[in-house]
Amino acid sequence: MNHYDVIIIGAGASGMMCAIHAGARGRSILLLDHAAQVGSKIRISGGGRCNFTNSGASAAQYLSNNPHFCKSALSRFPAESFVDMLKKHGIPFVDKSKGQLFCKNSAQDIVTMLKDECDQVGARFELSCEVEKLVHSPGPSARFHLTTNKGEFSSASLCIATGGLSIPKIGATGFGYEIARQFGLRIVELAPALDGFTLNPATTGFRELTGISLDCGVTCRGVSFREALLFTHQGLSGPAALQASLYWRPGDPLFIDFLPMHNTFEWFIRKKKVGNRGTVKNLLAELLPTRLAERLSQTDFSSPVPLPQVSEKTLENFCRKLHEWEITPTGTVGYDKAEVTRGGVDTDELSSKTMECKKVPGLFFIGEVVDVTGWLGGYNLHWAWASGYAAGLSL
Ligand SMILES: Cc1cc2nc3c(=O)[nH]c(=O)nc-3n(C[C@H](O)[C@H](O)[C@H](O)COP(=O)(O)OP(=O)(O)OC[C@H]3O[C@@H](n4cnc5c(N)ncnc54)[C@H](O)[C@@H]3O)c2cc1C
């Protein structure tokens with residue numbers, strides 16, 4: 001049988017979730033993927049343990065040209081709904097911190113669960129399948145005809161669940177955006193996000209800090225995150241940098257608070273009052289890793305002046321810098337390392353309730369290909385589940 005009620009292109013997170021719920025409603029489903037196995041990105045997510053949702057997921061943790069778009073899908077598929085699926089399958093999980101739920105054993109547990117549920121509703125998989133051509137016959141009995149390396153397939157509805165551009169080596173492609181363009185849909189500008197920053201070592205002098213990780217505040221475009229920051233040979237990484245990259249545009253500065261929740265100026269003044277004769281660099285090394293303390297103090301305190309000889313004004317200016325160190329990245333590392341793609345199919349083109357395209361009845365877009373991007377912390381997979389569920393109820 002080569003005709004289906006629904007063809008879903010992309011057997012990843014959103015595609016399988018959609019198949020489960022459309023299949024449960026009696027639809028005949030073909031899930032088609034060019035990869036040889038399903039759910040490759042789920043398998044590598046969360047360092048192999050998949051941060052599959054966040055118990056606090058709400059629209060506040062998502063970026064989109066229309067920040068209200070995701071509300072409907074999120075409200076109909078809250079974090080507990082996915083947790084219930086795991087419980088039904090006896091999959092152990094842990095709340096790591098800040099509501100981030102991870103598999104206790106392996107991300108493979110989630111892939112197996114989704115695949116099993118797809119099989120239970122009779123969804124057929126066609127893997128290693130390349131779509132060569134898509135033709136749409138509009139009208140009351142609309143049909144989508146696909147020419148692939150595995151033959152011809154057709155369906156009444158077509159759901160695009162091909163994800164974003166990040167990590168091409170495991171199968172990410174721009175296919176979903178190409179289909180959107182084929183149908184004349186707008187695409188919000190794409191950029192790698194949840195990505196590390198590249199810095200110019202000549203201007204920052206940060207390269208010798210490679211390997212240092214510390215709790216920092218990082219602010220970009222007025223949005224602040226307090227998480228771990230990691231110095232790398234290319235620049236900055238770690239959760240704080242990744243979160244900031246969601247908001248970053250070329251040329252934007254970042255402001256780093258190296259001592260969040262710490263009144264560094266008062267701390268130095270107390271040391272000064274008790275007659276401490278240490279240098280600023282050595283004293284700062286009591287609060288920060290030595291190499292970082294050296295680097296941060298080298299411009300303002302190039303010679304080792306003892307604290308009593310440093311004026312309060314100089315100390316105050318220096319401490320202000322420690323709490324809002326300005327740095328302008330040269331870029332982000334790019335799609336080879338980024339966890340997600342920011343931007344995507346413009347939400348104005350889609351129904352927020354069903355994910356169906358307003359201009360092309362029967363055509364749906366779900367998951368990361370849509371212009372909805374979540375913070376680090378389980379929110380992107382949660383969007384994949386929630387948008388897949390919304391489409392699955394309507395397809
Ligand atoms: C390293 C890494 C770690 C991550 N960790 C987390 C995490 O812990 N928590 C979290 O919430 N999010 C995480 N993410 C993000 C999350 O994995 C994605 O946002 C999510 O998988 C998107 O779901 P999706 O269904 O839209 O796309 P995907 O899950 O990427 O599925 C897309 C599918 O489409 C297929 N496909 C692509 N192009 C074609 C084509 N031309 N023809 C046919 N098939 C095609 C792919 O092979 C793939 O199977 C991580 C991402 C990365 C890269």
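Which residue of strand 2 is the bridge partner of Ile 9? In this predicted model, the bridge partner of Ile 9 in strand 2 is Leu 32. The protein has 395 residues, of which 45% count as buried, and its secondary structure comprises 13 helices and 21 strands.

**Whole protein**

- Taken along the principal axes, the box that the C-alpha atoms of the protein fill is roughly 85 × 45 × 35 Å.

**Strand 1 and its partners**

- Strand 1, which spans residues 3-9, is mostly covered, since five of its seven residues are buried.
- Strand 1 runs parallel to strand 2 (residues 29-32), and four bridges join the two; the pair formed by Ile 9 and Leu 32 belongs to this pairing of strands.
- Strand 1 also pairs with strand 10 (residues 151-160), again in the parallel sense and over six bridges, and here Val 6 has Ser 157 of strand 10 as its bridge partner.
- Together with helix 1 (residues 13-24), strand 1 and strand 2 make a β-α-β unit that is right-handed.

- Seven strands form an open sheet with antiparallel pairing, in the order 17-16-13-14-15-12-18.
- Strand 17 (325-327) and strand 18 (331-332) each have a single partner strand and therefore stand at the edges, with one side of each left without a neighbour in the sheet.
- Within this sheet, strand 12 (residues 197-198) and strand 15 (residues 235-237) pair in the antiparallel sense over two bridges, and Thr 198 stands opposite Gly 235 in strand 15.
- Helix 8 (residues 238-245) packs on the sheet, where it touches strand 12, strand 13 (213-220), strand 14 (223-231), strand 15, strand 16 (254-257) and strand 18; the direction of helix 8 makes about 135 degrees with that of strand 14.

**The shell around the ligand**

- There are 38 residues around the ligand, and those that come nearest are Gly 10, Gly 12, Gly 46, Gly 163 and Gly 367.
- By class, this shell has 17 nonpolar and 17 polar residues, together with four charged residues.
- At least two residues of the shell are supplied by each of helix 1, helix 2 (40-44) and helix 13 (379-392); helix 1 is also part of the right-handed β-α-β unit with strand 1 and strand 2.

Terms used:
Residues are numbered from 1 along each chain as its sequence is written. This is a predicted model: local features need pLDDT of at least 70, side-chain atom pairs count only at pLDDT 80 or more; totals for chains, interfaces and linings use all residues. A residue is buried if 20 or more other C-beta atoms lie within 10 Å of its own, exposed if 12 or fewer, and partly exposed in between; C-beta atoms are placed from the backbone. Two strands pair if DSSP finds at least two bridges between them. A crossover is right-handed if, with the strands pointing away from the viewer, the path from the first strand over the helix to the second runs clockwise. Two residues are in contact if their C-beta atoms, placed from the backbone, lie within 7 Å. Axes are lines fitted to C-alpha atoms, for helices over the stretch in contact, and angles run from 0 to 180 degrees between N-to-C directions. A residue is near a molecule or strand if its C-beta atom, placed from the backbone, lies within 6 Å of it. Ala, Val, Leu, Ile, Met, Phe, Trp, Tyr, Cys and Pro count as nonpolar, Asp, Glu, Lys and Arg as charged, and the others, Gly among them, as polar.
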